[in-house]
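Please open the structure in the viewer and keep the selection tool at hand.

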Amino acid sequence: MELSEKKATLSFSDGSPSVEFPVHKGTVGPDVIDIRKLYGQTGMFTYDPGFMATAACESGITYIDGDKGQLMYRGYPIDQLAQKCDFMDVCYLILNGELPNAEQKQEFDSLVTNHTMVQEQMQHFLRGFRPDAHPMAILTGLVGALSAFYHDSTDITNPHHRHVSAIRLIAKLPTLVAMAYKYSLGQPFIYPKNDLSYTGNFLRMMFATPCEDYKVNEVVERALDRIFILHADHEQNASTSTVRLCGSSGTNPFAAIAAGVACLWGPAHGGANEACLNMLEELQANGGIDKVGEFMEKVKDKNSGVRLMGFGHRVYKNYDPRAKLMQETCKEVLEALGLENDPLFKLAMELERIALEDPYFVERKLYPNVDFYSGIVQRAIGIPTSLFTAIFALARTVGWIAQWNEMLSDPDYKIGRPRQLYVGPTQRDVPAQR
């Protein structure tokens with residue numbers, strides 16, 4: 001963080017003395033006004049519901065320019081990473097700040113691969129859940145429970161412990177997600193195999209059975225790997241902020257990541273692709289592509305209660321850079337699996353065409369986001385809708401743990417403690433007789 005030459009001056013209409021605040025510059029993006037001394041100097045707080053204009057931390061991991069539709073991990077554009085790297089490359093980059101060379105890549109891949117198994121007692125813990133429980137309910141419990149099984153690496157003041165925890169979380173999330181899926185089916189758990197890639201291993205644990213192995217399709221493997229890359233981190237979103245806030249209390253990394261999993265579950269966040277696919281399936285059941293125009297008119301009517309899922313984004317005011325990559329991936333998967341005529345994909349394309357041409361959507365910059373296509377890809381692969389958000393959590397774990405570690409390494413970090421504007425009753429006495 002670099003101090004700017006300019007300063008910000010806060011003046012008051014009642015004649016109170018003006019107050020100056022320093023301004024800091026990042027490497028790119030908006031400058032920030034440092035208001036840490038605001039309360040001490042004025043007796044006032046700022047009011048910013050939803051943190052629309054508040055920078056709660058400094059970070060060197062991910063940069064987003066919503067107006068330009070730009071997303072970078074450690075300075076590398078997301079489209080280049082998705083086209084030239086695999087998920088393990090991106091994990092290494094997010095954790096360490098640089099892409100790995102050949103030797104570092106081999107060592108990192110081996111380290112993660114050798115931590116994919118989970119403590120055998122985790123199976124007994126898992127069996128305490130109802131088989132029809134939502135996978136995110138199960139995953140929230142399993143991730144939090146890791147601290148009970150791997151408490152040898154929970155000293156957050158020890159950089160080595162933090163590194164071990166990071167590797168364990170990245171390595172074990174695919175195993176836990178696959179276990180949650182198998183449990184819901186009543187099928188035996190499939191152990192990981194060290195001769196497969198990270199993503200290939202996950203696919204096998206999901207779809208193999210003891211009586212029939214699963215042959216990994218390279219196109220499918222690459223498509224899912226790309227989904228992981230596109231979801232690896234996304235700056236200070238709701239779940240990442242939750243991980244940071246939870247972690248700021250000094251809790252162990254497994255508890256902090258479990259908090260992120262719980263936050264991600266919400267339909268306004270990680271559950272968006274599940275909501276998007278549900279919307280497409282409902283539209284298909286009610287007339288399909290012939291009813292798209294009528295549906296879009298209802299979307300434009302605020303009194304209809306109809307929402308267009310998978311379009312627009314809190315940050316992006318341009319085309320989500322991840323959506324274009326996901327659209328291409330979607331076409332590749334459907335072609336490889338012989339599903340080119342998939343009605344939901346055709347429906348999605350027609351929705352996108354109308355949204356990109358209709359002035360109502362263009363003026364409001366409601367472009368397709370990454371969730372719009374990722375649900376179709378996962379559905380084609382055979383992943384059930386209920387598991388979509390768990391897949392998201394699997395991919396986002398590396399971002400969460402990197403953000404958590406970055407926060408703990410910051411000498412200025414403090415426990416998170418937002419302020420409030422109190423609007424309740426003033427002090428009053430309890431009546432003498434009640």
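**Confidence along the chain**

Begin by colouring this predicted model by pLDDT. In the protein chain, the lowest confidence is found in helix α12 (residues 272-285), with a mean of 85, and the highest in helix α3 (residues 87-96), at 98. Over the protein chain the average pLDDT is 92, and 99% of the residues score at least 70.

**Salt bridges**

The next stops concern charged side chains. Side chains of opposite charge can pair when their charged atoms come close. How many salt bridges does the structure hold? There are 20 salt bridges in the structure.

Select E406 and R244. Their side chains meet in a salt bridge, at 2.6 Å from N to O. Which parts of the chain does this pair link? E406 belongs to helix α18 (residues 388-409), while R244 belongs to helix α10 (residues 238-247); the two residues are 162 residues apart, and the pair links distant parts of the chain. Are E406 and R244 buried or exposed? Both E406 and R244 are buried.

Now select K291 and E294. The side chains of K291 and E294 also form a salt bridge, with an N to O distance of 3.7 Å. K291 counts as partly exposed because its relative accessibility is 35%, a value between the limits of 20% and 50%. E294 has a relative accessible area of 42% and is therefore partly exposed as well.

Proceed to R353 and E357. In this salt bridge the closest N and O atoms are 2.9 Å apart. Both residues lie in helix α15 (residues 343-357); because they are 4 residues apart there, about one helical turn separates R353 from E357. With 39% relative accessibility, R353 counts as partly exposed, whereas E357, at a relative accessible area of 53%, is exposed.

**A nonpolar patch on the surface**

For the last stop, select Y47, L421 and V423. What do Y47, L421 and V423 form on the surface? These residues form a nonpolar patch, and together they have about 400 Å² of accessible area. V423 counts as exposed because its relative accessibility is 72%, and exposed means over 50%.

Terms used. Residues numbered from 1 in each chain as written. Predicted model: local features only at pLDDT ≥ 70, side-chain atom pairs only at ≥ 80, totals over all residues. Heavy atoms only, no water. pLDDT = per-residue confidence, 0-100. Salt bridge = Lys/Arg side-chain N within 4 Å of Asp/Glu carboxyl O. Buried < 20%, exposed > 50% of the residue type's maximum accessible area, 1.4 Å probe, protein only. Patch = residues over 30% accessible without salt bridge, like charges linked within 9 Å, V, L, I, M, F, W, Y side chains within 5 Å. Areas by Shrake-Rupley, 256 points an atom, 1.4 Å probe, with all protein chains shown as cover.
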